[in-house]
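Here is a note for a colleague who is opening this structure for the first time. Please read the points in order.

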Amino acid sequence: MLNTIFASRPEESSVRENRCDGPMSDCPAIYIRDLKLAYGGHVIFEGLDLDIEAGRFTTLLGTSGVGKSSLLKIVAGLQAPTGGTIAASDGKPISHRIAYMGQQDLLFPWLSVVENVMLGSRLRGDRRDPDRAMHMLEQVGLADRRDALPSQLSGGMRQRTAIARTLYESRPIVLMDEPFSALDTFTRSKVQELAAETLAERTVLLITHDPLEACRLGHRLFVLSGSPAKLSPPISVPGCPPRSPEDLGLLETQAELMGTLLDAHTAAD
Amino acid sequence: MRNATRPFVTAAVMIALWWAIAHLSGLPDYMLPKPEEVAAILQKKYAFLFEHTLVTVSEILLGLLCGTALGSLCAILMMLSPVVQRWLSPILVFSQAMPVFAIAPLLVLWFGFGMSSKIVMAVLIIFFPVAAAFYDGLRRTEPGWLELAQTMNTSKLGILLRVRLPAALPAFGSGLRVAAAVAPIGAIVGEWVGSSAGLGYVMMNANAQVRTDEMFAALLILSAVALTLWALVNLMLRRLLFWAPDSH
């Protein structure tokens, strides 16, 4: 089943043609080599190789429990792998150059919106830059809610605040773990577009269980499935992200991915 | 009915009930004094009662302050170091398991008839609820916040002070509420065992001389003090925890 999809996809060389290249930034690529994660005797994945391209969105699609969150946490340095290496293309360490967006917005309820945006400065004890924070809030359309508490915001606004917080960090690498899964369909669609625009040109690894999200946002798309989990060859979706949800090419790819994931899910059960 | 008026209505109903029982049951005054007699005592011995109230209130407040400070310090130290946690937690449990009232005579022997023995008493019973609740709150920080803080390269101390500590404030608040409720008990029991001043002292004296109306007067003042303390602590916590809707 997997083969039929990948056979119908262009080869790596032709994928490069529709790169949707903008001005390239100095964001590094990340090379994951021979990565292994095991708990006791239970192997989650092993021999995993993945290139996260510089300045582009890489989306990783998989069903829950397949180990994709663990993979993200390993790249983020929050969890140690059982084996293997992760390196940046420029050879410098990764850990001080990442911004992380989790499944929840993770806003601090006792801080106002603008204070939440400047969270990194607050936590590190650096000088806060309210002007820059306001600029980020303008980008996500929340400038007028700067003094609101997170509890006074809707789910979409909260996630937009989280995006502003990610932008404020101005890190070249952004790791996202199903950041929009708690939002309703329409809010999700808008916030996805916002993320694609504001985080363009950074090295982004987005993990999701939603084929539509993966297809809309990814320059390159991988499927993680099986036990131990294996990574699919890269899948390309026609057009540039953020792709319109009505795009026919996208819908076709999405339908095929959905089938693949369902099969993987049934096999796992 | 508005929340603020409800306690007063309850109090009025209670006093009316008391009045009815005292007048209709035919109980002698030394068993159950009538409300108007107690009111008369409150008026007549105003200065005397005020002086002793001041002593008890000081004991309660100092006990609450020291107990809360010690409890919080203990919680933070346990959070900072697993070694400290292993050594302190038996002491914590012991402070709760030990019947504090049973050692009250010992405390009076060690710390004297004055205020210090009552403050120590209050500290001993306040310490556990504050330390236990606060430590629990510090430990149970939302893991996502900790991960986020880690990716933002926060120091260990920064995580404790700027993530764990504020996140644990609602739990600390619950501990402080319990502490505010039990602090008067510590002070009064301390005064019963041995003292020369305070509302507990007034109550023991009045009891020995079968001046039940005076005992009731002291009791009423003590209730008012305890309720005021509770209300003030609640008000303060509500201000502090404006962001935690379920802590009200």
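**Notes on the two chains**

1. Start with strand 5 of chain A. A:I98 and A:Y100 point one way from this strand, A:A99 and A:M101 point the other way, and all are buried. Buried means that 20 or more other C-beta atoms lie within 10 Å of a residue's own; with 12 or fewer a residue is exposed, and in between it is partly exposed, the C-beta atoms being placed from the backbone. Strands (E, at least two residues) and helices (H or I, at least four) are DSSP runs, numbered from the N terminus.

2. A word on the source. This is a predicted model, in which local features need pLDDT of at least 70 and side-chain atom pairs count only at pLDDT 80 or more, while totals for chains, interfaces and linings use all residues. Residues are numbered from 1 along each chain as its sequence is written, and chains are lettered from A and ligands numbered from 1 in the order in which they are written.

3. Which strand runs parallel to strand 5 of chain A? It is strand 6 (residues 173-177) of chain A, joined to strand 5 by four bridges. Strands pair if DSSP finds at least two bridges between them. Within this pairing, A:A99 stands opposite A:V174.

4. Strand 5 also matters for the meeting of the chains. In total, 21 residues of chain A are in contact with 16 residues of chain B. Contact means C-beta atoms, placed from the backbone, within 7 Å. On the chain A side, strand 5 (98-101) and helix 5 (119-124) each supply at least two residues. Helix 5 of chain A gives the most, with five residues. By class, this side has twelve nonpolar, six polar and three charged residues. Ala, Val, Leu, Ile, Met, Phe, Trp, Tyr, Cys and Pro count as nonpolar, Asp, Glu, Lys and Arg as charged, and the others, Gly among them, as polar.

5. Now A:K36, in strand 1 (residues 30-39) of chain A. Is A:K36 buried or partly exposed? A:K36 is partly exposed, because 15 other C-beta atoms lie within 10 Å. Leaving aside neighbours within four places in sequence, its contacts include A:F45, A:E46 and A:P81. A:D210 is 174 residues away along the chain, and the C-alpha atoms of A:K36 and A:D210 are separated by 25 Å.

6. Turn to chain B. It has ten helices and zero strands. Its C-alpha atoms fill a box of roughly 75 × 50 × 30 Å, taken along the principal axes. Of its 248 residues, 35% are buried. Among contacts with a separation of 6 or more, 75% join residues 24 or more positions apart.

7. One helix pair in chain B is helix 5 (residues 104-111) and helix 6 (residues 115-139). They pack at an angle of about 135°, with axes 8 Å apart. Helix 5 of chain B is therefore oblique to helix 6 of chain B. The contact residues include B:L107 and B:F111 of helix 5 and B:V120 and B:M121 of helix 6. They divide into six nonpolar, two polar and no charged.

8. A second pair is helix 3 (residues 46-80) and helix 8 (residues 156-193) of chain B. Their axes come within 8 Å and cross at roughly 145°. Among the contact residues are B:G63 and B:G67 of helix 3 and B:A180 and B:A183 of helix 8. By class, the contact has eleven nonpolar, five polar and three charged residues.

Conventions: Contact = placed C-beta atoms within 7 Å. Axes fitted to C-alpha atoms, helices over the stretch in contact; angles between N-to-C directions. Parallel < 35°, antiparallel > 145°, perpendicular 65-115°, else oblique.
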